[in-house]
Amino acid sequence: MPRTPNEFAVHILLEGGHREEVRFATFQDFQKWYSGSLMPKFDSNELINVPIKNIQQEYLVVRPTRIVAIRVEPVFSSSVERFN
């Protein structure tokens, strides 16, 4: 039986070697942000907001033209499967 990830860690690699990690509850949440906010402005120097899960009063904004790569990693809360 396949495991289901609890969330997805998205690693954003920026020009100049900087790295940022944000988390999305589901892959569909990531796809919604990616296709709705990032892709329409992929060649823009305008700042866009990147959602940060569970952190109050903190924001991440990036310039889409400065993003070199994005890696999406499933995160599992436990490496041990439990069956009832």
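Predicted model: local features only at pLDDT ≥ 70, side-chain atom pairs only at ≥ 80, totals over all residues.
Reader: Noted. How much of the protein chain counts as buried?

Author: Of its 84 residues, 24% count as buried. The accessible surface comes to about 6,400 Å², and carbon and sulfur atoms hold 49% of that.

Reader: And what share of the contacts with a separation of 6 or more comes from residues 24 or more positions apart?

Author: That share is 48%.

Reader: Let's go to the helix. What should α1 span, and how far apart are its end C-alpha atoms?

Author: Helix α1 covers residues 27–38, which is 12 residues, and at 1.5 Å a residue it should span 16 Å. Its end C-alpha atoms are 15 Å apart, so the two values agree.

Reader: Nice. Which residues of α1 are buried?

Author: Phe30, Trp33 and Leu38 are the buried ones. They cover an arc of only 65° around the axis, and therefore sit on the same side of α1.

Reader: Remind me, why do residues three or four places apart point the same way in an α-helix?

Author: Because an α-helix has 3.6 residues a turn.

Reader: What covers the buried residues of α1?

Author: The cover includes four strands: β1 (7–14), β2 (19–24), β3 (48–50) and β5 (67–75).

Reader: Which exposed residues are on the face turned away from the buried side?

Author: That face of α1 carries Gln28, Lys32 and Gly36, which are exposed.

Reader: Changing topic: which residues make the nonpolar surface patch?

Author: Tyr34, Met39 and Phe42 make a patch of about 280 Å². Met39 is placed in the loop between α1 and β3. With a relative accessibility of 35%, Met39 counts as partly exposed.

Reader: On to charges. How many salt bridges does the structure hold?

Author: There are 5 salt bridges. One of them pairs Glu15 with Arg66, with 3.8 Å between the closest N and O atoms. This pair links distant parts of the chain, 51 residues apart: Glu15 is in the loop between β1 and β2, and Arg66 is in the loop between β4 (60–62) and β5.

Reader: What does Lys41 pair with?

Author: Lys41 meets Glu46 in a salt bridge, at 2.9 Å from N to O. Glu46 is partly exposed with a relative accessible area of 45%, and Lys41 is partly exposed with 30%.

Reader: And Arg71, where does that lie and what does it touch?

Author: Arg71 lies in strand β5. Leaving aside residues up to four places away in sequence, Arg71 touches Ala9, Val10 and His11. Its C-alpha atom is 10.0 Å from that of Phe8, which is 63 residues away along the chain.

Reader: Which residue forms a salt bridge with Arg71?

Author: Glu73 does, with the closest N and O atoms 3.5 Å apart. Glu73 is partly exposed at 30% relative accessibility, and Arg71 is partly exposed with a relative accessible area of 48%.

Reader: Last one: which residues do salt bridges with shared partners join into one network?

Author: Glu7, Glu21 and Arg23 are joined that way.

How values were computed:
Residues numbered from 1 in each chain as written. Heavy atoms only, no water. Helix = DSSP H or I, 4+ residues; strand = E, 2+ residues; numbered from the N terminus. Expected span 1.5 Å × (residues − 1). Buried < 20%, exposed > 50% of the residue type's maximum accessible area, 1.4 Å probe, protein only. Arc of directions from axis to C-beta. Contact = heavy atoms within 4.5 Å. Patch = residues over 30% accessible without salt bridge, like charges linked within 9 Å, V, L, I, M, F, W, Y side chains within 5 Å. Areas by Shrake-Rupley, 256 points an atom, 1.4 Å probe, with all protein chains shown as cover. Salt bridge = Lys/Arg side-chain N within 4 Å of Asp/Glu carboxyl O.
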